[in-house]
Structures are given as structure tokens and as C-alpha cells.
Amino acid sequence: MTSPVSPARAPPSLCTTPRTLTGERMPKLPERYAIVVAATPYGADGAVDEVAFRHQLGRLRDAGVAVNLVGPGIGEAFTLSDAERDRVLAIGVEELRGQVPVRAMGREPRTPDEMIRFVRRSEELGVDAVQVYSLDIGHGAKPSLAEMAAYYDAAISATSLPVYLSSHFFIGYTLPIELLVGLAERHQNFVGMNISVMDPKYLASAIRELGYRLEIHCAGVWNAVNVLSLGGTGLMGAEGNVAPRLFADVVRHFVAGDQQSLRTSFDQILGLWAAIDRFGGSVGRGLKPLMNALGLPGGSLRAPLLPIPDDDLDVLLADVKALKIPELQGMSEVIAR
């Protein structure tokens, strides 16, 4: 089903520049960089808070990270109407295009047509790239290898945008390496992977087989040093909404070979992840209240999500303060109760 990998290919360690995005408006990408999945802030009336959202995008832009919009979890993609989704993407393009990479992330689709409509609309709205999520066909079922191949061929072919794929264990399966190799052979606009796994063997295999031709980010900060050391591109996560410069610093210190600074920044980012994961993780139950407590534009949650209780927020805030993350020092602590 898949094309064989050429035996003459250069090893990843000798060919570290992946496919890059093109286009006059697209800022030049460094060889390694961080991605933040942007929070979608809502006002008290439940509508997207455009002022707060632009403020948050400015923080991400100033930190020099790539930005994924309308993602699940902190982006609350499953609560957005099509019109709201389009507006969020349009604002992101206005605020970020030409300065840092701005990408449409979306959510797991139930059908190929759902994803095809999303990638085509994302291209119309002017984002730099689009992510294609794994199929979620419902009731715990998993697509077959042939069904996956047909889905990805259709979705990737539906756009001229650079395409990133997600392989995330939360969906209940990861994408077979042989599938990814075949897709990379068939589609020039398939340029990268966002991989979330607990299995280091899968991560190492993906970078070994595909890292010389694709950008590979870990979706999950716990794998940041692993993915960078193995020749991958960087890290991606929602925690960067709180501390985007810390996300960028992990990559910067790694590239500079500054082991002491890397150890410090990686320890802080793991601590931030652990604190947030304890209280709702990337879906925002604790993350958004934490942002609000720090004077950042987190905004409200939408049903069915509910913010964590005040006592839990106090613990979360204390845990994050104890990390002494430089960009959070001296920030306001006016907690919106």
C-alpha cells in the first residue's frame, strides 16, 4: 500500500533541515522552534472575547512561538460554531501572519468530509498551515489502516496549504509509521507531525524514519528533551499560554548547548505541566482560572466545562508561583472569584 523508503536517504543526523513552509507572507522558520495551542477566551456572556484574545496572541507573538488556533482542549474547538471558528482564525491571521507561524488546528472529525471542509475553509481564511487530526469514528471504534490511508489522502489533497498530522494517544490509537512513510512519499505538502505518546520507541521510530523530511514536534512537554535530542523539531502544548517564553527558552537553550539553562527551563516547564495536569490539564478547568489569577487573558469556560473550585485554584497558583518562572515574576494576583 505504501511506497518503500529509499535506501539512499540521508540519515536524520546528517539532514536536519525539514521541509519548510513557503509563501511571501510566511516568516522564515528556525530549524527548531516551539508551538503553543492558543486559548480561546470567552467573556461572561459566553461570546468570544476578541479584545482578550488579541492580547493573548500578542503575548505569543512577542515570545516568538508558532501558534495553533481553534484546537481542542484549551482552544475549546468542540464548543465553537463554524462562524465563531472562522472569526477566531481570522483574528489570528490579522494578529500573527508574517510575524510568527499561524495555523488552524481544529478537532478530531467523525468523517473525512468534515476535515476536508475544515482544511478548505482554513485555506480561504489565510492561515499559514493546517493540522489534520486523527479520525474519531465513534463508540470506541478505530479505523483500519486502509481507512486511514484513504482519509489522509483525501484530506491532504484537499488543500495546497502545508499540512501537519496529529498522532495522539488520547484518541485511542497512534498512526502506524508505515502509513506516515507512505503519506510523506505521496504528498509534498505533508510537512510535519505533532506526536503525543508515552512510548519513547514510537517517538524514536517516527524521527528515525521521517525526521529527515518532516518537522516533528512532541505534543506533550514531557518529551521535549527526548524529541530535540533525537533530531526532532521542538515541543507543542497548551501550557505555553501561561509562559510562552519558557516554551521558546527550552528550544533556545538546547540549540545553544547551554545545559544548565536547559535543565532549569525544562524543570520549570515540567513543573508547570504537572501543576496544570493535576487540575484539569489542557482542557482548561484549571488553566484558564490560573491565567485569570495571574492577570492573563484566560477568560471563561463554556459548558460542559466548569472551572476548578477556589481552594484548588489557590493550590494551583501556589504550585506555579513556587516554580519561579521568570516571565511570571511580579505578575498581578487579582483572582476573579
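# Helices, burial and a pocket in a predicted chain

Reader: Which residues of α2 are buried, and what covers them?

Author: Buried means under 20% relative accessible area, exposed over 50%, and partly exposed in between (1.4 Å probe, protein chains only). In α2 the buried residues are Arg85, Asp86, Val88, Leu89, Ala90, Ile91, Gly92, Val93, Glu95 and Leu96. Their cover includes α1 (50–63), β2 (66–69), β3 (102–104) and α3 (112–125). Just after α2, glycine 98 has a positive phi of about 85°.

Reader: How do you know whether the span of α1 agrees with 1.5 Å a residue?

Author: The 14 residues of α1 should span 20 Å, and the end C-alpha atoms are 20 Å apart, so the two agree. Buried in α1 are Ala52, Phe53, Gln56, Leu57, Gly58, Arg59, Leu60 and Ala63. What covers these residues includes β1 (35–37), β2, α2, α8 (244–256) and α10 (287–293).

Reader: What do the buried residues of α3 pack against?

Author: Met115, Ile116, Phe118, Val119, Ser122 and Leu125 are the buried residues of α3, and they pack against α2, β3, β4 (129–132) and α4 (145–157). With 14 residues, α3 reaches 20 Å from its first C-alpha to its last, close to the 20 Å expected.

Reader: Why is phenylalanine 118 called buried?

Author: Phenylalanine 118 has a relative accessible area of 7%, and therefore counts as buried. This residue is found in helix α3. Contact means heavy atoms within 4.5 Å. Leaving aside neighbours within four places in sequence, phenylalanine 118 is in contact with Val70, Arg85, Ala104, Met105, Gly106, Val130 and Gln131. Phenylalanine 118 and arginine 85 are 33 residues apart in sequence and 9.9 Å apart in space, C-alpha to C-alpha.

Reader: Why is methionine 236 called buried?

Author: The relative accessible area of methionine 236 is 5%, so the residue is buried. Methionine 236 lies in strand β8. Apart from neighbours within four places in sequence, methionine 236 is in contact with Ile35, Val37, Asn68, Met105, Asn194, Cys218, Ala219, Gly220 and Phe247. An unreviewed UniProt entry lists Met236 for "binding site"; such annotations may be inferred rather than shown by experiment.

Reader: Why does glutamate 76 count as buried, and why does lysine 324 count as exposed?

Author: Glutamate 76 has 4% relative accessibility and so counts as buried. Lysine 324 has 58%, and therefore counts as exposed. Glutamate 76, in the loop between β2 and α2, has a positive phi of about 50° although it is not a glycine. Lysine 324, in the segment after α11, has a positive phi of about 55° and is not a glycine either.

Reader: What makes up the lining of the largest pocket?

Author: On a 1 Å grid over the protein atoms alone, a pocket is an open set of points where a 1.4 Å probe fits, with protein on both sides within 12 Å along at least five of seven lines; lining residues have an atom within 4 Å of a point. The largest pocket is lined by 27 residues, of which Gly73, His168, Phe170, Ser282 and Val283 lie nearest its centre. The lining divides into 17 nonpolar, 7 polar and 3 charged residues. Ala, Val, Leu, Ile, Met, Phe, Trp, Tyr, Cys and Pro count as nonpolar, Asp, Glu, Lys and Arg as charged, and the others, Gly among them, as polar. β8 (234–237) and α9 (259–278) each supply at least two residues of this lining, and α9 gives the most, with 3.

Notes:
Residues are numbered from 1 along each chain as its sequence is written. This is a predicted model: local features need pLDDT of at least 70, side-chain atom pairs count only at pLDDT 80 or more; totals for chains, interfaces and linings use all residues. Side-chain values use heavy atoms; hydrogens and water are left out. Helices (H or I, at least four residues) and strands (E, at least two) are DSSP runs, numbered from the N terminus. The expected span of a helix is 1.5 Å times one less than its number of residues.
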